[in-house]
Amino acid sequence: MTPQETPPQDAPDGPWQCRLHVVTGKGGTGKTTAAGALAVALATGGQRVLLTEVEGRQQIAQLFDTPPLPYAERKVASAPGGGEVFALAIDAEEALLEYLEMFYNLRRAGRALGKIGAIDFATTIAPGVRDVLLTGKVKEAVNRPDATRPGGRAYDAVVLDAPPTGRIARFLNVTAEVAGLAKMGPIRAQADSVMAVMRSGQTAVHLVTLLEEMPVQETVDGVADLRAAGLQVGGVIVNMIRTPLLADGDLERAGAGRLDVEELAAGVKVAGIAPRTALIDALVAEAAQHARRVALETTERGEVEALGRPVYELPLVADGVDVGVVYRFAELLRTQRMVG
């Protein structure tokens, strides 16, 4: 971006009516769960949504408890109101073969290249080409026409379970990634067409985080990288929210080591447990740790809110995530007006 250019604007506040929702986050923050919930939320009310992944980890299949996804769009869920969620695991080699067939009628030649390892070699020495292929398939799904459907598109929205926050700007900013490799020709043309979608008002990049120092810092850095690349930042989904177990006054006293030990012992006794010294000491230590955790989360929440983007919250699920949790989270995102 040159000094004369206007700095890119963030996407308008939700609920977003975007056609492409990119979901990113530091590893371990639950971005695939958030992406799946967002897809179900968008499909609610009779919409058709495509949920895609590009990292070859088959996490969408695990999330929806289905067999591994082939390189073909397959229905994985129904949404309230008659909606449908389809899923696709995008593979760079298959995307290249499809590209060669669509534009050059060279699918058979592409298969031969694959057998001798030329495709892997090309995408390894030029990672930007791989990203062009992956994002190019997403772009094709976003723009695919279907005259039989309302709006004339095959899907009402596409959700991309994207790479982690640390490399999201590079992954999406494919024009810059291939600038040194192709200044013209089909690869550059494909990259430019991808960027036309990625930088348009129909795309928003949402970030998933936890109220912990490293995920929040990576989120802050990711937002800065996205803005610098001219990509629209959407909302921030804060996952694994924990409800404080103590009232504000008790949290303050616990953190300062000033809990009323006699009152605590009396409560333990009322519960039918002998208030032994070791037990009371352990409870005091646990309360102090909890207070410190809440204080940290409060600080990190301030960092998230300082980004100036809408914030959505999903609770911690102690028993693990299953399909039922995905639907529950989808309803929470709708209730919080992330989608209309």
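Let me start with Asp65, which sits in the loop between α2, residues 59-63, and β3. Its phi is near 55°, a positive value in a residue other than glycine. Asp65 counts as exposed because its relative accessibility is 68%, and the threshold for exposed is over 50%. Please keep in mind throughout that this is a predicted model.

Arg337 is located in the segment after α14, which covers residues 323-335. With a relative accessible area of 46%, Arg337 is partly exposed.

The peptide bond between Gly14 and Pro15 is cis, with omega at about 5°.

The protein has 14 helices and eight strands. Of its 340 residues, 45% are buried. If we take contacts between residues at least 6 apart in sequence, 70% of them join residues at least 24 apart.

How are the strands arranged? The eight strands form an open sheet with mixed pairing, in the order β3-β4-β2-β5-β1-β6-β7-β8. The edges are held by β3, residues 74-79, and by β8; each has a single partner strand, so one side of each has no neighbour in the sheet. From one strand to the next, the twist averages 25°.

Within this sheet, I would point out two pairings. Strand β1, residues 20-25, runs parallel to strand β6, residues 203-209, and six bridges join them. Here Leu20 has Thr203 in β6 as its bridge partner. Strand β7, residues 233-241, is likewise parallel to β8, with four bridges between them. In that pair, Val238 stands opposite Glu313 of β8.

Next, the helices. Helix α1, residues 31-43, lies across β1, β2, β3, β4, β5, β6 and β7, and runs at about 175° to β5.

The remaining part of this talk concerns helix α13, residues 277-305, and its packing against helix α11, residues 248-255: their axes come within 8 Å and cross at roughly 110°. The two helices α11 and α13 are therefore roughly perpendicular to each other. Their crossing is left-handed. On the α11 side the contact is made by Leu251, Ala254 and Gly255, and on the α13 side by Ala287, Ala288, His290, Ala291 and Val294. By class, this contact of α11 with α13 has six nonpolar residues, two polar and no charged ones.

Helix α13 also packs with helix α12, residues 261-270, at an angle of about 115° and with the axes 10 Å apart. That angle makes α12 roughly perpendicular to α13. The crossing of α12 and α13 is right-handed. Here Val261, Leu264, Ala265 and Val268 of α12 meet Leu279, Ile280, Leu283 and Val284 of α13. By class, the contact of α12 with α13 has eight nonpolar residues, with no polar and no charged ones.

To close, let me return to the sheet: β3 and β8 stand at its edges, and α1 lies across several strands, among them β3 and β7.

Note on methods: Residues are numbered from 1 along each chain as its sequence is written. This is a predicted model: local features need pLDDT of at least 70, side-chain atom pairs count only at pLDDT 80 or more; totals for chains, interfaces and linings use all residues. Side-chain values use heavy atoms; hydrogens and water are left out. Two strands pair if DSSP finds at least two bridges between them. Axes are lines fitted to C-alpha atoms, for helices over the stretch in contact, and angles run from 0 to 180 degrees between N-to-C directions. Angles under 35 degrees count as roughly parallel, over 145 as roughly antiparallel, 65 to 115 as roughly perpendicular and the rest as oblique. A crossing is left-handed if the near helix is turned anticlockwise from the far one by less than a right angle, and right-handed if clockwise. Contact means heavy atoms within 4.5 Å. Ala, Val, Leu, Ile, Met, Phe, Trp, Tyr, Cys and Pro count as nonpolar, Asp, Glu, Lys and Arg as charged, and the others, Gly among them, as polar. Buried means under 20% relative accessible area, exposed over 50%, partly exposed in between (1.4 Å probe, protein chains only).
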